[in-house]
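Have a look at the sequence and the 3D view before reading on.

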Amino acid sequence: MADYVTVAQVDELPAGERLVVEINRKWVAVFNVGGEFYAVQDICSHDEGELAEGELHGCEIACPRHGARFDIRTGKVLSAPAFVDIPAFDVRVVDGLVQVATRKR
Ligand code: FES
């Protein structure tokens, strides 16, 4: 079973918001999209742009550097110039706390 780390209280990450946390010395972007929480590596697979600063449309985030898009539910790459998926992490809510798995799916 995966280990989880608490990253925020639910009310600290309202719908439409995101935050970046360090888990096991890796940056992870955590999103609240309409009450659902998702987490992906905060490093674009194209040239290491910081994805969390990108525009989010539904569950698609566009890298602010060159525009590659990823699905934050799965980490799947959706458009060039990136061609490699990024790691996605399970997220759960326990007792009002948002917790992210310490290992990628
Ligand atoms: S660094 Fe993300 S598209 Fe280039």
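In β3, W27 is the bridge partner of E22. Before we go further, a word on where this comes from: this is a predicted model, where local features need pLDDT of at least 70, side-chain atom pairs count only at pLDDT 80 or more, and totals for chains, interfaces and linings use all residues. Residues are numbered from 1 along each chain as its sequence is written, and side-chain values use heavy atoms, with hydrogens and water left out.

Back to that bridge. Strands here are DSSP runs of E with at least two residues, numbered from the N terminus. Two of them count as paired if DSSP finds at least two bridges between them. Strands β2 (residues 18-23) and β3 (residues 26-33) pair in the antiparallel sense, over six bridges. Another residue facing across is R18, which stands opposite F31 in β3. The hairpin of β2 and β3 has two residues between the strands, and N24 takes a positive phi near 50° there.

How do the side chains along β2 point? They alternate.

| Side chains in β2 | Face | Buried? |
|---|---|---|
| L19, V21, I23 | one face | buried |

Now zoom out. The open sheet has four strands in the order β2-β3-β4-β8, with antiparallel pairing. Its edge strands are β2 and β8 (88-89), as each pairs on one side only. In general, strands of a sheet pair through backbone hydrogen bonds, either parallel or antiparallel.

Inside this sheet, strand β4 (residues 36-41) holds Q41. Is Q41 buried or exposed? Q41 is buried, with a relative accessible area of 19%. Leaving out residues up to four places away in sequence, Q41 touches W27, V28, L51, I86, P87 and F89 (contact means heavy atoms within 4.5 Å). A polar atom of the Q41 side chain also lies 2.7 Å from the backbone oxygen of I43.

Next, the loop between β5 (55-57) and β6 (60-62), where you'll find G58. This glycine is partly exposed, at 48% relative accessible area. G58 and G34 are 24 residues apart along the chain, and their C-alpha atoms are separated by 8.8 Å.

Last stop: R92 lies over the face of Y4, at 3.9 Å from the ring centre. A charge sits over a ring if NZ of Lys or CZ of Arg is within 6 Å of the ring centre and within 35 degrees of the ring normal.

Definitions and conventions: Buried means under 20% relative accessible area, exposed over 50%, partly exposed in between (1.4 Å probe, protein chains only). A polar contact is a pair of N or O atoms within 3.5 Å; within protein, one must be able to donate a hydrogen and the other to accept it, and residues adjacent in sequence count only if both atoms are side-chain atoms.
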